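Biologist: I would like to learn how to read a model, one feature at a time. Please give the general idea and then the case.

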Amino acid sequence: MLRVKNLYKSFNIGTDFENNLFKGFNIEFENNTSTAIIGSNGCGKSTLMNLIAGSLRADSGSIAIELDEDITFVKPDGTKEITKYRDISKFREEQRARFIGRVHQNPSMGVSPSLTILENMALADKKNESFSLRKLIRKNRIDYYVEQLKTLDLGLENKLDSRVDLLSGGQRQSLSLLMASMKHPKVLLLDEHTAALDPKTSRVVMNKTIDLIKNKELTTVMITHDMRDAVEYSDRVIMLDKGKIVLDKNSSEITAQELHQIYQDKITEMELKED
Ligand SMILES: Nc1ncnc2c1ncn2[C@@H]1O[C@H](COP(=O)(O)OP(=O)(O)OP(=O)(O)O)[C@@H](O)[C@H]1O
Ligand SMILES: [Mg+2]
């Protein structure tokens, strides 16, 4: 479970552009579930992901990850608290990467384009470890990388020594996905990860995403502007509006058309307020 509690985040405080986006925001993501986050431009979807991943720091609030083992805290008064939750809100982004995998909209962001497929796989494998580039590739892991790449069904296992910048956007995003999920993160964050791809490739990558989520039993949070993807590929749909949850439904309880209508109504409501 990922638990976000009483989160506050403002931008440009004290200026004419002050934006108090999240004001006591709460949300929980259950283990082995996939949640789609939808909402109009600027409603806070990416900011929420940045706050969870640590590329942005919250002003206050807690972001906690449920671990497999209990941890014991000794409180200032000497009493002990045993819990499975680790508050990561003060961790740097690199420290959070142990728990959180991420795939961005831009196919170049999740990979190292000037390195080969093999080197990229080895880098993902060494996530959270210190190592020297010279000793990056462990020969005894290559069979494992090949086996993992085969699951993508793109033939990448036959191109281990190809530089990643020679791959298509769809191939890169598929590789990014594999790399982001290789170390079994507690949560996989997908920020419009198919938006830069053509419709056909987008569908292929989305189907690979679902295969990976199922095979690796991942907890996923996916931002999308595609209502059909939201209901089809997730267990739960959340709609944000100006940093607030305005809809939280089980995907089986809502259709893409209904979702689209609610989304349109929200945009019209916003436009009327601006006039
Ligand atoms: N680093 C920042 N500095 C200042 N304002 C920011 C920053 N990051 C986000 N914002 C503001 O916060 C609001 C939410 O932005 P965010 O990127 O989270 O929206 P989004 O829901 O992801 O939109 P989109 O669908 O366009 O990707 C916007 O008003 C944006 O201008
Ligand atoms: Mg965004």
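Modeller: Start with contact, which means heavy atoms within 4.5 Å. Leaving aside neighbours within four places in sequence, Thr83 is in contact with Glu69, Asp70, Ile71 and Phe73. This is a predicted model, in which local features need pLDDT of at least 70 and side-chain atom pairs count only at pLDDT 80 or more, while totals for chains, interfaces and linings use all residues. Residues are numbered from 1 along each chain as its sequence is written, chains are lettered from A and ligands numbered from 1 in the order in which they are written, and side-chain values use heavy atoms, with hydrogens and water left out.

Biologist: Where is the place of Thr83, and is Thr83 buried or exposed?

Modeller: Helices (H or I, at least four residues) and strands (E, at least two) are DSSP runs, numbered from the N terminus. Thr83 sits in strand β5, residues 80–87. For cover, buried means under 20% relative accessible area, exposed over 50%, and partly exposed in between, with a 1.4 Å probe and protein chains only. Thr83 has a relative accessible area of 13%, so Thr83 is buried. A polar atom of the Thr83 side chain also lies 2.9 Å from the backbone nitrogen of Tyr85.

Biologist: How is the length of helix α5 checked?

Modeller: The expected span of a helix is 1.5 Å times one less than its number of residues. Helix α5 has 13 residues, 169–181, and should therefore span 18 Å. The C-alpha atoms at its ends are 18 Å apart, which agrees.

Biologist: How many residues of α5 are buried, and what do they pack against?

Modeller: Twelve of the 13 residues are buried, and α5 is mostly covered. Among the buried residues are Gly170, Arg172, Leu175 and Met179. The buried residues of α5 pack against β6 (100–103), α3 (117–125), α4 (142–150), β7 (187–191) and α6 (199–216).

Biologist: How many salt bridges are there?

Modeller: A salt bridge is a side-chain nitrogen of Lys or Arg within 4 Å of a carboxyl oxygen of Asp or Glu. The count comes to twelve. One of them joins Lys186 and Asp68, whose closest N and O atoms are 2.8 Å apart. Lys186 lies in the loop between α5 and β7, and Asp68 in strand β4 (residues 60–74), so the pair ties together parts 118 residues apart in sequence. Lys186 is partly exposed at 25% relative accessible area, whereas Asp68 is exposed at 63%.

Biologist: Which residues are linked with Asp125 in a network of salt bridges?

Modeller: The network links Asp125, Arg138, Arg141 and Lys183. Between Asp125 and Arg138 the closest N and O atoms are 3.8 Å apart. This pair links distant parts of the chain, with Asp125 in helix α3 and Arg138 in the loop between α3 and α4, 13 residues apart. The side chains of Asp125 and Arg141 meet at 2.8 Å, N to O. Arg141 also lies in the loop between α3 and α4, 16 residues from Asp125. Asp125 is buried, at 1% relative accessibility. Arg138 is partly exposed at 33%, and Arg141 is partly exposed at 26%.

Biologist: How many residues surround ligand 1?

Modeller: A residue is near a molecule if one of its heavy atoms lies within 4 Å of it. For ligand 1 there are 13, the closest being Asn41, Gly42, Lys45, Ser46 and Thr47. The largest share of the shell, three residues, comes from α1. Both β2 (19–29) and α1 (45–53) supply at least two residues each.

Biologist: Which polar atoms lie by the oxygen atoms of ligand 1?

Modeller: A polar side-chain atom of Lys45 is 2.7 Å from an oxygen atom of ligand 1. An N or O atom in the side chain of Ser46 is 2.9 Å from a ligand 1 oxygen, and a polar backbone atom of Cys43 is 3.3 Å from one. The protein covers 62% of the 640 Å² of accessible area that ligand 1 has on its own.

Terms used:
Polar contact = N/O pair within 3.5 Å; in protein donor to acceptor, adjacent residues only side chain to side chain. Areas by Shrake-Rupley, 256 points an atom, 1.4 Å probe, with all protein chains shown as cover.
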